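Here is a short report on charged side-chain pairs. Look at the sequence and the model first, then read on.

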Amino acid sequence: MFLLFCLLLSAVQAQAPSPSVRKINIQQKDVFDPSVPGEDWWVFQMANKIHIQTRPHVIWRELLLKPGGPWDPLKAEESERNLRQFPFLKNARLQSLELSGTNKLDLLVRTQDTWTLEPQLLFSTEGGEESFSAGVVERNLLGLGKTISLFHDETGGDKKHEIRYVDPRVAGSWIRSYALYNETSLSTERQFLAERPFYSLSTVGAFQMHYANLTKEARLFQFAEEFSSFEQRHDFFSGTFGFKINQDPAFPRRLELGYIYQRNE
């Protein structure tokens, strides 16, 4: 069906000039819609006030169509896909509004936020051993689309601290970054990833770089008693680069090359 759609689209575009985009309007909804039955409680209204709505420029930068440029239904579909991949958006729709008597149209982008703040708190005791954990995850930090999570756990004498950070668009670019730091009583883990994906069928190049390091102490037990221990170290690096090798906008062919390095001591 997709192949047939692209062929029909190409045939139509070849017969008539494509209209141009006059302007783009962005219409955003809060997390809870008071016009929907069950979402008009005061609790939900208070949640809307507490929630920081996604910044308009975060929505705007995902659009592959711009005012003054040609209308392309395939890029409209890809723009919707780019928006729907984010965990802080419940819904995303792009609608074209034709202007009669002209070869122009307006675009209306409708999005709705979702609740993104997730606090965590747990306390338990079992067999005389107490366990406590607390943390928070925010998937739309300050409405900028970035994710940060903090986590702390104590079980018996073991402690764990973890922090994660995800930036889907570093400094407004198409580069995505991910960082992790995890520390326990016996191990330390670090990870970092940077990638620029094929965000559109017309994207020429993409890359991904991933580094991970894990250092931990391994303990050996016999008859419920520790008799030996040793340190383990794991290093991992991978790099992948991809290129579009043809000019077809609907059926791209890509070549990807990669390198992997791994060391265990």
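Arg-22 is partly exposed, with a relative accessible area of 42%. Here buried means under 20% relative accessible area, exposed means over 50%, and partly exposed lies in between (1.4 Å probe, protein chains only). The partner of Arg-22 is Asp-106: their side chains form a salt bridge, 2.7 Å from N to O. Asp-106 is buried, at 7% relative accessible area. A salt bridge is a side-chain nitrogen of Lys or Arg within 4 Å of a carboxyl oxygen of Asp or Glu.

Arg-22 belongs to strand β1 (residues 20–29) and Asp-106 to strand β3 (residues 104–113), so this pair ties together parts that are 84 residues apart in sequence. Strands (E, at least two residues) are DSSP runs, numbered from the N terminus.

This is a predicted model: local features need pLDDT of at least 70, side-chain atom pairs count only at pLDDT 80 or more, and totals for chains, interfaces and linings use all residues. Residues are numbered from 1 along each chain as its sequence is written, and side-chain values use heavy atoms, with hydrogens and water left out.

The structure holds 14 salt bridges. Three of them are listed here.

| Asp-106 | Arg-22 | 2.7 Å |

Asp-33 is buried at 15% relative accessibility.

Asp-235 is buried, with a relative accessible area of 6%. Arg-233 is partly exposed, at 31%. Which residues join this pair in a network? Arg-263 and Glu-265 do, through salt bridges that share partners.

Methods
Helix = DSSP H or I, 4+ residues; strand = E, 2+ residues; numbered from the N terminus.
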